[in-house]
Amino acid sequence: MIPRPSLALTDLAVRLATKVAPNTTETFYAADAGLIAQLMLTLAQEYERGVETRMNDIDEMRTLLRSAPPSDDIDAFLALAPISLALADVNAVHDTGTRLLIDVHAWAEVHDEPLSLQIWRYLRRHCERHKFELP
């Protein structure tokens with residue numbers, strides 16, 4: 001068992017970036033080690049917040065989709081819940097909502113400017129929630 005996986009990934013990334021990469025004689029491999037370290041840091045962040053950020057997105061998408069013209073697909077999404085809190089199961093619901101929101105946004109761009117603006121604001125919050133903080 002690894003009790004703090006995000007910390008373990010961060011520690012490994014720092015070691016790779018500060019000990020392995022600087023002692024690599026070939027530039028390509030040093031750069032590759034640096035890239036892997038950066039990716040490990042993003043994985044650590046995603047581990048910590050992945051489910052929460054997607055559930056926040058899902059909650060916001062539900063609110064936005066309730067303002068859209070009714071449809072069977074929207075009703076199905078509003079009733080949909082992840083099978084578990086595993087990231088893959090949450091992603092499945094998130095993906096369904098995102099596809100619906102894209103369709104609704106395309107419609108709202110032409111037919112419902114206030115809803116379109118609300119979706120743009122959601123997209124901005126979505127980006128802020130999902131951005132990575134890298135050193």
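Helices here are DSSP runs of H or I with at least four residues, strands are runs of E with at least two, and both are numbered from the N terminus. With that in place, Ile83 sits in the loop between α3 and α4.

Before going on, some ground rules. This is a predicted model, in which local features need pLDDT of at least 70 and side-chain atom pairs count only at pLDDT 80 or more, while totals for chains, interfaces and linings use all residues. Residues are numbered from 1 along each chain as its sequence is written, and side-chain values use heavy atoms, with hydrogens and water left out.

Back to Ile83. Is Ile83 buried or exposed? Ile83 is exposed, at a relative accessible area of 80%. For the whole talk, buried means under 20% relative accessible area, exposed means over 50%, and partly exposed is in between, with a 1.4 Å probe and protein chains only. From the C-alpha of Ile83 to the C-alpha of His111 the separation is 35 Å, for 28 residues along the chain.

His111 takes us to the helix pairs. For these, axes are lines fitted to C-alpha atoms, for helices over the stretch in contact, and angles between N-to-C directions run from 0 to 180 degrees. Contact means heavy atoms within 4.5 Å.

Take α4, residues 87-111, and α5, residues 113-130: their axes are 8 Å apart and the packing angle is about 140°. That makes α4 oblique to α5. On that scale, angles under 35 degrees are roughly parallel, over 145 roughly antiparallel, 65 to 115 roughly perpendicular, and the rest oblique. The crossing of α4 and α5 is left-handed, a term used if the near helix is turned anticlockwise from the far one by less than a right angle, with right-handed for clockwise. On the α4 side the contact includes His94, Leu101, Trp107 and His111, and on the α5 side it includes Glu113, Ile119, Trp120 and His126. By class, the residues of this contact are 9 nonpolar, 5 polar and 2 charged. In that count, Ala, Val, Leu, Ile, Met, Phe, Trp, Tyr, Cys and Pro are nonpolar, Asp, Glu, Lys and Arg are charged, and the others, Gly among them, are polar.

Next, α2 against α4. Their axes come within 9 Å and cross at roughly 30°, and this crossing is left-handed. Among the α2 residues in the contact are Gly50, Arg54, Met61 and Leu65, and among those of α4 are Leu87, His94, Leu101 and Val104. The classes here are 12 nonpolar, 5 polar and 3 charged.

From α2 come Ile58, Met61, Arg62, Leu65 and Arg66, which meet Ile74, Phe77, Leu78 and Ala79 in α3. That contact has 7 nonpolar, no polar and 2 charged residues.

Now the interior. A nonpolar core is a set of buried Ala, Val, Leu, Ile, Met, Phe, Trp, Tyr and Cys residues joined through side-chain atoms within 4.5 Å. Which residues have the most contacts inside the largest nonpolar core? They are Leu65, Phe77, Leu101, Val104 and Leu115, in a core of 16 residues. At least two residues each come from α2 (27-66), α3 (72-79), α4 and α5. The largest share, 6 residues, is from α4. Apart from this core lies another, of 7 residues, including Ala21, Ala33, Ala37 and Met40.

Leaving out residues up to four places away in sequence, Leu101 touches Met61, Leu64, Leu65, Ile119 and Tyr122.

Ser6 is in helix α1, residues 5-20, and counts as buried at 12% relative accessibility. Ser6 touches Ala44, Tyr47 and Glu48, not counting residues up to four places away in sequence. Ser6 and Ser71 are 41 Å apart, C-alpha to C-alpha, and 65 residues apart in sequence.

Gln45 lies in α2 and is buried, with a relative accessible area of 18%. Beyond four places in sequence, Gln45 touches Lys131, Phe132, Glu133 and Leu134.

Pro135 is in the segment after α5 and counts as exposed, at 84% relative accessibility. Apart from neighbours within four places in sequence, Pro135 is in contact with Gln38 and Leu41.
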